[in-house]
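Here are my notes on this one, written with the model open beside me. Have a look at it first, then read on.

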Amino acid sequence: MLSDILSPDVFAAAMRIATPLALAAIGGTICERAGVVNIALEGMMLFGAFVGVIAVTYAGNPWVGVFAAAAAGASLALMHAFASVTLKTDQVVSGTAINILAGGLTGFFMEVIIGHPGTTDPVPRLVPVFDFPVPSAGFFAPMWRWIDVIFLSHTPIVYGTILFAIVAHWALFHTRWGLRLRALGEHPRAADTVGISVVRGRYSAVLFSGVLAGLAGANLTLEQVGSFTEGMTNGRGFIALAANIFGRWTPGGSYGAALLFGFAEALQTKLQLLRDVITIPSQFFLMLPYVLTVVVLAGVVGRAVAPAAVGKPYEKG
Amino acid sequence: MERAGKASVTHRLYGLLEQIAPPLVSVVIALAISSLIIWVVGYDPVRAFSALFDGAFGGPRQIGETMLRSTPLIFTGLAVAYGFRAGLFNIGAEGQLFMGGLVAAWLGVALAGLPTMVIVPIILVAGAAAGMAWAFIPALLKARVGAHEVITTMMFTFIARYIVSWLVTGPLKAPGQIPQTVQLPAESMLPKFTDILPELGTGRAHLGFVVGIALAVVVWWVLKHTTLGYEARAVGFNPWASETGGISVSLTTVKSLCLSGALAATAGVTEVIGLHGRLFDQFSAGFGFTGIAVALLARNNPLAVIMTAMLFGALSAGSGTMQLQADVPSKVVFIIQGLVVFLVAAQQLAVWLLRPFKARGGVENA
C-alpha cells in the first residue's frame, strides 16, 4: 500500500503542483526583497491564467498564451507599483484591490468573450519537453521508468522554474543586481545615498513579480488544466506568500517550500484515490494545503526575519 | 458667542465635506471607468446603469432587495472596519461568516420548538461566538509569533469552506439530491418586514437589516466610549506608544480580531436565519471580501459603513436587472468594487495628477 502511495507519479505531481506556487513565491521574494509587499500575486496569477487561455483561443499557439499571461501579470503589477511606489498607498490594501479587480475582470470578460460564466472550452496545451523511449525490459528498466516519470515527463515552465530558481538564488546573493535589490528592502535611504534609484528599482521588482505570477497562471491553464475556470487560483497566491516566508525570502528556499506544498497536495490527491480503503471525506484532504500553510507560518515566522523596510513607502528626504 | 458657534458649524460642515468628498469622488471615478469598459466592449452604459438603478431603487420590492443585499455587508463591513481600526486586516471575514452560518443552520434546527423571541437571540450570540472562535487562532498566531493575519485568516477561509462543504454533503445533509441542510422551522427565522407590515411590499428584506444598523451604532459607541475601543484604536494608531503607555498590544490584537470575527459571523447568521433558511456551499456571494470595500470606502467609520454597505448592496441588487435588461454581465460589480478600493486607498492620486500644475505655479519650487 505504501508503494501505491509513494509511486513515482506522486513525486512528478509534486513538481508540477509546486511550479505555480514557486513562481509566485519567488515573485514575492523579489518584490519583498525590494521592500514592497505583494498580496496581489493571487490576482495577477488569476489574470495571467485567463488572458493566457484567451490568447490561445485566438492565436492557436500555446506559447503566445504564455507571453500574453506574463504581460497580463505585469499590467496588474504596474498598477500595484504605481500605487505603492509612486502614490505611497498602503501596499496590502492596493494588493487587495487588485485581487478583487482581477476576479471582476476575469469574470466579466469571460462572459463577454466566451459567452457564459464558469469554465472555458479546452485550448491546446504546452507538451512535455522530452519524449525518450522507455525500455520495457532489461535490468535498468524499472529505474529508468522512475527517472523518466519523475524528472523527464514535464512541460517547459516546470523546468524553466527550477532553472530560474537556481539562477535567481545565485543572482540575489552574488551579483551587483542582487545586492542593490536587497539594499532597497533593507535600507532604502542608504541605497538612495549611493545613487541607486529606489523608485526604478522597486518598480522593476514589482513588475518582475507580476511577470512571474502571470507565468504561474500560464502554467496552471496552459500546462496543467488546459482551460480557465473562474477563481481557479484558489488561494495559491497566498500560499505562495507563505512559501516565500518559509523559504526565508530566498528564491531557493521559496522553491523548496513550494515543493513541500506540492508534495502535500500530490499526496492528498493520491490518498483520495484510495477512498475505499481510507474513509475520510475528501474535504479534509482538500483543506490540507491550507492547514499546512498555517502550521508552517506558526512554526517559522518568529524565527525568520523579513526585510527591514518591507511594506514601507520610501520618502525621499 | 453666537459668531463663534456659527463659525464652528461651518467649520464642522467643511470637515464633514472633507471627510466624504474623497470617497465620493472615488465612487464616481470607479463608475466612470466601468462605464468606459462597458462601452468599449459594445454595450450601452447609460442603459446598463439605468437598469441597475431601476433594479436597486425602482419600487418597494427593489428597495427591499437593496436592503436585503446590504444586510450581510453591514456586518462584514463593520468587521473589517473594526479590524482596521486596531491595525489588523481581517481579509478572512468570509471564513468567519461561514462559521456563523454553520452554527445558525445547526441551532435553528436543534432549538426548534422554542419561541422566536428566545431562539433568534441565542442563534445570533452563538453564531457570533463561532466567528470569534474562528478568528482566535489567527489572532493568537499574530500576537504570539507575528504570523500575518492576511495569510492566516485567508487560509482559515478556505478551511471553513471545506468544513461547510463536508457538513452539507455529509453529516448535516438534508434528504434528497441537493447538498444542503434541512429547512429551518419558521420560529427559528428572523421575520421579514412584510411579516410585520404586509403593505410595505419590501419582498425578501428581513429584520437583519435593523440588527445591522443597531450593531453599527454599538460598534461606533464601543470605539468611541469604551476602554476596549480606545485600546484598539491606540494600538492601531501606534502599537509601540501603546505598549509604552501600558496597553498590552498582544491582548488587544487578540480581542480586536476576535471581535471582528464575531461581527463577520453575524453576516452568516442573518443570511441563514433571515434569507435562505438553510446552509449550502454557495450561501455567501463573497460578502466577506466585499466587506473590505465597504469598510475602506467608509474610512472605517462604523456609522458610514451603513451607507457604503447600502451602496454596494444597491449595486448587487441592481446588477441582476442590468444583466437581464442591458445584457451586461453582473460581474462588472466586482470591477467597480476593485476600482473603488484602489481609488480610496490611492488618495494621493489627485495630488499626483495635479502635480504639474502646482509645479508650474511655483508652489513646489518655492
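This is a predicted model: local features need pLDDT of at least 70, side-chain atom pairs count only at pLDDT 80 or more; totals for chains, interfaces and linings use all residues.

1. Helix H6 of chain A, residues 141–151, gives the most, with 4 residues. Leu6(A), for its part, sits in the loop between helix H1 (2–5) and helix H2 (8–33) of chain A.

2. On to the interface. Here 43 residues of chain B are in contact with 43 residues of chain A. The two chains bury about 3,700 Å² between them, with 84% of that on carbon and sulfur atoms. Tyr162(B), Lys331(B) and Phe342(B) supply 18% of the area chain B buries against chain A, more than any other three residues.

3. What about polar links? There are 2 salt bridges between chain B and chain A. Lys331(B) turns up again here, as its side chain meets that of Glu111(A) in a salt bridge, 3.0 Å from N to O. Across the interface, 5 residue pairs are in polar contact.

4. Which elements of chain B give two or more residues to the side that touches chain A? They are helices H5 (116–145), H6 (149–169), H12 (287–297), H14 (332–345) and H15 (348–353) of chain B. The largest share, 13 residues, comes from H6(B). By type, this side of chain B divides into 34 nonpolar, 8 polar and 1 charged residue.

Technical notes
Residues are numbered from 1 along each chain as its sequence is written. Chains are lettered from A and ligands numbered from 1 in the order in which they are written. Side-chain values use heavy atoms; hydrogens and water are left out. Contact means heavy atoms within 4.5 Å. Buried area is the accessible area (1.4 Å probe) that two parts lose on being put together, summed over both. A salt bridge is a side-chain nitrogen of Lys or Arg within 4 Å of a carboxyl oxygen of Asp or Glu. A polar contact is a pair of N or O atoms within 3.5 Å; within protein, one must be able to donate a hydrogen and the other to accept it, and residues adjacent in sequence count only if both atoms are side-chain atoms. Ala, Val, Leu, Ile, Met, Phe, Trp, Tyr, Cys and Pro count as nonpolar, Asp, Glu, Lys and Arg as charged, and the others, Gly among them, as polar.
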